[in-house]
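Hello,

Here is the structure I promised to pass on. Have a look at it first, and then read on for what turned up.

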Amino acid sequence: MDATVSPCFLKADSIYLSFSVRCVYFIGFSLLGGSKNPEYHISLFLCLKLSHFVIESARDNKQQLEQLVVSKFDGTKIEEQTEPFELPNSWCWEHLGNITNIQNHLRKPIKQSDRDKRSGEYPYYGAFGIIDDIDDYLFDGKYLFLAEDGKNLESRERPISIIADGKFWVNNHAHVLSEKKGVLLEYIDIFLNSPKVLIDQFLTGQDQVKLNKSSMILISISIPPISEQSEILQRVKSYLNFSHQIELRVYEAKARVDKLTQSILAKAFRGELTADWRAEHPELISGENSAEALLAKIQAAKTALDGKKKRTKAS
């Protein structure tokens, strides 16, 4: 099958092919001695004309539809291109536009001054998450938002896609994708946010980085079987929870170290760290080795130095 031909084209082919077969059967029946009624032959003639019309119309419509799809979307199979990386045998590559429903036409931006007058209970989403609340909603269900613009598309310092479930409003800075059977939105979300996924080739602009819809739908996604997608999600969730626990422990340990550092310094300058040492070496901390004797020597040296400076200036 041609990579650019959708199943809908095959369906159109089958419709006019089926009609043609029926007409051929009708003709054959007549030639082999079918009804000699003149009305039968008139019906035969009309059938031939109608068959020709249906076939030509279907072909024309098919060509127009193919041209429309090709102009709007590159349906070339990823297997024919350079794969980003090797996949297990049961997996395949597919374009993001083929495995999701694009719902961008439902988005509607509202300027800040108008939102201030419409504060409400529903989240108002932008490119990277909730930026406000509003008194109405455009979407009701589970959707994936993929940022359409912003420097974070390059830096990837935070997620470029998120999942939202419920009632909410979305502006025109995030692509809105809904789920198609066979591919879980949560799987697509973790894939898009993986460091393995490089989207730089799909971005345009410098000061205002943008991921256009025409480029977004061509992002390559590796697709495992649905059961394996669910298993991947469970394991990722488990590992991320474990990572989060480690992060919390590291943070708590750092906080304790910081407090310990301050405590050690405080003890050091209160003489608490060397109490045992002083008890073991009294000769080094008394008499001419005491702190008082050391300060007296420092003061005497300073006085002598000041005297020399005065004599030098006088001469």
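A nonpolar core, as I use the term here, is a set of buried Ala, Val, Leu, Ile, Met, Phe, Trp, Tyr and Cys residues joined through side-chain atoms within 4.5 Å. Please keep in mind that this is a predicted model.

With that in hand, the largest nonpolar core has 32 residues. Leu96, Leu146, Ile219 and Ile221 have the most contacts inside this core. Two or more residues each come from α3 (96–99), β5 (139–147), α6 (185–192) and β8 (220–223), and α6 gives the most, with 5 residues. In soluble globular proteins, nonpolar side chains tend to be buried together.

To see one of these residues in its surroundings, click on Ile219. Leaving out residues up to four places away in sequence, Ile219 touches Glu94, His95, Leu96, Leu146, Leu192, Ile199, Phe202 and Leu211. Another core, of 9 residues, lies apart from the largest one; among its members are Tyr143, Phe168, Val170 and Val176.

Next, is Arg115 buried or exposed? Arg115 counts as buried because its relative accessible area is 9%, which is under the 20% cut-off. This residue sits in helix α4 (residues 112–116). Beyond four places away in sequence, Arg115 touches Ile110, Tyr124, Ile131, Asp132 and Ile134.

Finally, the surface: Phe242, Ile246 and Val250 make a nonpolar patch of about 300 Å². Ile246 belongs to helix α8 (residues 226–269) and is partly exposed, with a relative accessible area of 40%.

Happy exploring!

Definitions and conventions
Residues are numbered from 1 along each chain as its sequence is written. This is a predicted model: local features need pLDDT of at least 70, side-chain atom pairs count only at pLDDT 80 or more; totals for chains, interfaces and linings use all residues. Side-chain values use heavy atoms; hydrogens and water are left out. Buried means under 20% relative accessible area, exposed over 50%, partly exposed in between (1.4 Å probe, protein chains only). Helices (H or I, at least four residues) and strands (E, at least two) are DSSP runs, numbered from the N terminus. Contact means heavy atoms within 4.5 Å. Patches are made of residues with over 30% relative accessible area and no salt bridge: like charges are joined within 9 Å, nonpolar side chains (Val, Leu, Ile, Met, Phe, Trp, Tyr) within 5 Å. Accessible areas come from the Shrake-Rupley method with a 1.4 Å probe; for residues, only the protein chains shown count as cover. A salt bridge is a side-chain nitrogen of Lys or Arg within 4 Å of a carboxyl oxygen of Asp or Glu.
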